[in-house]
Amino acid sequence: MRTPSSGSSSKRSNYSRTYDFPEELVDSGDYAVGGAMLPIFLNDLRPNHRQDLLEVTLELEDDSIVLCSVTPTATANPAGDEAATGFLGRSLSATSKLCRKFSWLRSTSSRASSEAEDPTISARDARKITAKLQRTRSSAQQALKGLRFIRKTTGASDADELWKKVESRFKSLAKDGLLSREDFGECIGMVDSKEFAVGIFDALARRRRQKMGRITKEELRDFWLQISDQSFDARLQIFFDMADSNADGRITRKEVQELIMLSASANKLSKLKEQAAEYASLIMEELDPENLGYIELWQLETLLLQRDTYMNYSRELSTASTVAWSQNVSPFRPKNVMRRVSFTVRCVLIENWQRTWIILLWVMAMGGLFAWKLNQYRNRAAFQVMGYCLAAAKGAAETLKLNMALILLPVCRNMLTWLRSTRARLFIPFDDNINFHKIIACAIAIGVLVHAGTHLACDFPRLVNSSQEKFDLISSDFNHKKPTYRDLLGGVEGVTGISMVILMAISFTLATHRFRKNVVRLSAPFNRLTGFNAFWYSHHLLGVVYILLLVHGTFVFLVHRWYEKTTWMYISVPFLLYVAERSLRTCRSEHYSVKILKVSVLPGAVLSLIMSKPNGFKYKSGQYIFLQCPAISSFEWHPFTITSAPGDDHLSVHIRTVGDWTQELKRVFTESNNSRSVIGRAKFNQLGHIDQRGLPRLLVDGPYGAPAQDYLNYDVLLLVGLGIGATPFISILKDLLNNTRTEEQTDSTTDISRSEDSLNSFTSSNSTLGTLGGKKKSQRTTSAHFYWVTREHGSFDWFKGVMNEVAEMDLKGQIEMHNYLTSVYEEGDARSTLLTMVQAIKHAKHGVDILSGTRVRTHFARPNWKEVFTKIASKHPNATVGVFYCGMPVLAKDLKKLSQELTHKTSTRFEFHKEYF
């Protein structure tokens with residue numbers, strides 16, 4: 001059999017096949033209209049001897065099959081030219097004989113006349129034949145794996161285990177040995193889709209030609225075997241029967257509408273239920289062009305098998321490139337154990353070298369200070385009285401001084417924001433500033449335990465109980481009077497030390513995750529000790545700790561010279577930096593008082609605020625600001641990512657109202673009698689006008705640096721946002737397009753200036769180029785892939801205007817946007833199959849997604865992240881990809897691991913950055 005050869009037209013394909021069937025098929029007289037019977041009919045055209053073969057060339061079009069030619073094959077003919085001529089004569093009559101036998105088949109010479117005879121039947125039968133041929137395509141084979149009613153089983157043992165669970169649920173749900181129709185869904189595992197399960201139940205019952213309200217265990221077993229059948233044809237028939245409520249083998253528009261509503265209900269998509277009639281008409285228009293008013297099983301099958309065809313219409317907006325994966329992806333896994341360990345260690349060092357040298361330097365500094373102080377006190381007279389207890393306490397105290405100074409630096413946000421724009425970002429991991437802050441806090445807690453513990457439990461008792469002879473060695477340090485234990489605790493050193501320990505214990509405890517995130521549940525009034533407010537206010541107790549630390553260091557035991565009292569030397573510079581930082585925030589927030597331009601309450605408990613942009617306020621995409629509403633609290637500042645682009649003439653933030661402060665903010669802006677807020681969808685191009693009288697005052701502090709602000713340092717961007725975590729990337733997408741537009745305008749200006757003749761125009765062109773080049777250099781980032789994963793379909797309304805704007809402006813295909821809705825069952829599940837097809841047809845015909853209402857198509861379930869990374873690596877070899885993630889910590893580990901793996905398996909380098917909300 002020859003391989004098919006494709007024609008020049010994308011809509012046609014020429015097939016050249018040779019058939020040689022057994023003799024027992026030659027006498028068969030059962031000819032039917034359709035491609036499956038064509039080879040048998042060809043056997044009837046030839047003589048009885050086995051050497052004569054025909055070559056039939058067919059041309060497949062969208063709505064018909066054209067017979068191009070029937071010619072003998074070039075085989076050896078020992079009978080000479082006469083025999084060959086006779087065979088050729090017989091073959092020339094084959095064309096007309098074929099056309100008479102198959103009414104749907106047309107020759108090239110009679111194409112117009114055959115269309116005039118019966119175009120409706122011809123087109124319908126041709127589409128039926130084409131549908132059969134399409135099942136052999138690779139895309140169709142992929143679609144055949146879908147339409148699952150239960151999760152895919154991997155073997156007989158897996159299937160048996162699933163049935164045992166169903167059997168167990170039957171025992172608990174059945175009454176008098178019968179399972180009711182309403183409990184069928186819970187029994188088979190469709191707990192959240194009981195209405196859809198009832199539809200399956202009714203379809204299977206109609207096969208028995210019975211109206212059943214309850215079933216036995218044997219009948220349940222029969223139902224289970226049918227819905228768990230791995231055959232696509234069996235699953236397709238069940239799906240068809242669900243819609244075919246009158247069991248006549250045909251589905252009408254109303255029945256399609258009911259099935260769409262059933263699927264939308266199973267996926268909790270109320271918006272789609274309201275538009276079910278429109279989408280049913282869309283499917284009928286696609287599958288029933290003859291307007292017969294019904295569709296049959298083969299038409300539904302055609303729809304499912306052509307899913308990829310519909311989806312490829314909008315590939316530039318919603319799917320990644322189809323570049324062959326193998327060109328930049330090669331398996332790399334050392335087989336030798338030692339090499340594997342060496343490879344893993346090398347990967348870890350390359351990924352963490354910035355953190356490593358910082359932590360190493362810090363540990364070495366603490367170790368050096370501890371050893372220096374330990375050795376210093378070993379050579380003093382006090383060592384003879386208190387021994388290593390005193391030396392250890394003093395060594396721990398020296399590390400405490402260092403850490404109490406360093407812990408302030410990671411929270412000096414203005415300084416860090418400035419350093420991010422310098423070359424320091426190349427060797428200092430600014431993204432880990434809060435992690436470093438926490439690590440230092442742990443070191444302080446350990447230092448306090450060692451320092452205070454050795455004082456209270458070791459050297460103080462040894463001093464109090466020392467002999468007079470040994471005490472005389474250090475009596476001058478205690479005014480020649482041996483102190484009691486109470487004297488030591490009641491002195492300035494003891495009071496300040498114990499006070500610091502108490503305040504630090506309160507602050508550190510309330511800053512732990514369990515208290516700060518309200519994991520710990522306490523009864524009133526102790527419930528006020530949990531949550532962000534308790535963490536925020538308790539942290540301000542540390543200001544008192546620093547004052548006590550200075551006093552404690554001034555009256556320290558056994559030290560009398562001022563230059564040996566080094567506490568102030570350690571903390572003075574960081575403390576002054578932090579005070580200056582807080583003072584700058586206060587002054588700037590007063591200067592950056594903003595006017596509210598628009599307030600919108602969006603689906604999913606999100607509040608959108610669009611504010612005036614203060615004079616001189618400059619920021620980068622990805623950065624964040626702090627907001628304070630004095631009407632709620634004069635002390636609380638809360639961070640929110642900026643969603644507007646730097647080139648916009650306004651500031652915007654999107655706030656998820658999940659905490660006390662954010663809920664109160666929503667209330668004061670939307671429920672106030674004097675507030676003229678806008679309730680509805682945010683439109684970024686149309687700012688509302690709000691009467692400022694009666695509105696609460698809003699203060700802004702910032703902007704502050706965040707990992708996403710460095711996006712321009714990468715060739716390609718992979719932006720991953722979970723829910724409200726998409727906020728930093730919306731600004732980046734808009735900024736990328738604004739930069740591209742600016743470059744296009746620059747190129748246009750340059751072309752115009754160069755088109756002018758004369759030397760003066762040439763000089764003007766050069767000066768224009770120099771001026772523009774001096775102001776802004778061409779951006780490095782050439783492509784961006786945005787993945788937004790959310791559970792609520794209403795979330796897509798948050799940035800609907802922005803996403804449509806990006807889709808319309810991105811003429812170069814610079815940005816790929818992908819929406820994923822995890823609350824809908826994954827593509828391939830029977831509960832979402834019809835919705836997937838409606839979505840694909842709607843998007844292919846009208847360019848609008850049925851869920852988001854934008855040009856960006858929404859995928860169901862979660863992305864296959866390994867596939868995403870692999871495709872990006874294939875599309876962008878030898879590029880540096882910045883992976884920016886904002887969302888819950890659970891996904892960050894997987895993305896980081898994939899970034900490391902693909903960096904070492906491909907020529908593409910992935911650098912991972914994360915933000916948590």
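In what order do the six strands of the open sheet lie, and with what pairing? The order is E17-E16-E15-E14-E18-E19, and the pairing is parallel. Strands here, like helices, are DSSP runs numbered from the N terminus, with at least two residues (E) for a strand and at least four (H or I) for a helix. Two strands are taken as paired if DSSP finds at least two bridges between them. Strand E17 (858-860) and strand E19 (909-916) form the edges, each pairing on one side only. On average, neighbouring strands of this sheet are turned by 20 degrees against each other, direction ignored.

The model is predicted, so that local features need pLDDT of at least 70 and side-chain atom pairs count only at pLDDT 80 or more, whereas totals for chains, interfaces and linings use all residues. Residues are numbered from 1 along each chain as its sequence is written, and side-chain values use heavy atoms, with hydrogens and water left out.

The secondary structure of the chain comprises 35 helices and 19 strands. Of the 917 residues in the chain, 48% are buried, where buried means under 20% relative accessible area, exposed over 50% and partly exposed in between (1.4 Å probe, protein chains only). Among the contacts in the chain with a separation of 6 or more, 73% are between residues 24 or more positions apart; contact means heavy atoms within 4.5 Å.

Trp788 has Asn819 in E16 as its bridge partner. Helix H32 (residues 800-809) lies across E15 and E16 and runs at about 145 degrees to E16. Axes are lines fitted to C-alpha atoms, for helices over the stretch in contact, and angles run from 0 to 180 degrees between N-to-C directions.

The loop between helix H35 (889-905) and E19 contains Thr906. Because its relative accessible area is 11%, Thr906 is buried. A polar atom of the Thr906 side chain lies 2.6 Å from the backbone oxygen of Leu902, and the side chain of Thr906 also reaches the backbone nitrogen of Thr908 at 3.2 Å.

A further strand, E13 (residues 699-704), contains Asp701. E13 is mostly covered, with six of its six residues buried. Four bridges join E13 to strand E9 (residues 624-628), and the two strands run antiparallel; Leu627 has Val700 in E13 as its bridge partner. Asp701 counts as buried because its relative accessibility is 3%. The side chains of Asp701 and Arg588 are joined by a polar contact of 3.0 Å. A polar contact is a pair of N or O atoms within 3.5 Å; within protein, one must be able to donate a hydrogen and the other to accept it, and residues adjacent in sequence count only if both atoms are side-chain atoms. When neighbours within four places in sequence are left aside, the residues in contact with Asp701 are Arg585, Arg588, Ser589, Ile625, Phe626 and Trp637.

Helix packing is illustrated by helix H12 (residues 253-266) and helix H33 (residues 830-846), which pack at an angle of about 115 degrees with their axes 8 Å apart. H12 is therefore roughly perpendicular to H33, a term for angles of 65 to 115 degrees, with those under 35 roughly parallel, those over 145 roughly antiparallel and the rest oblique. In this pair, Val256, Leu259, Ile260, Ser263, Ala264 and Ala266 in H12 meet Arg831, Leu834, Leu835 and Val838 in H33.
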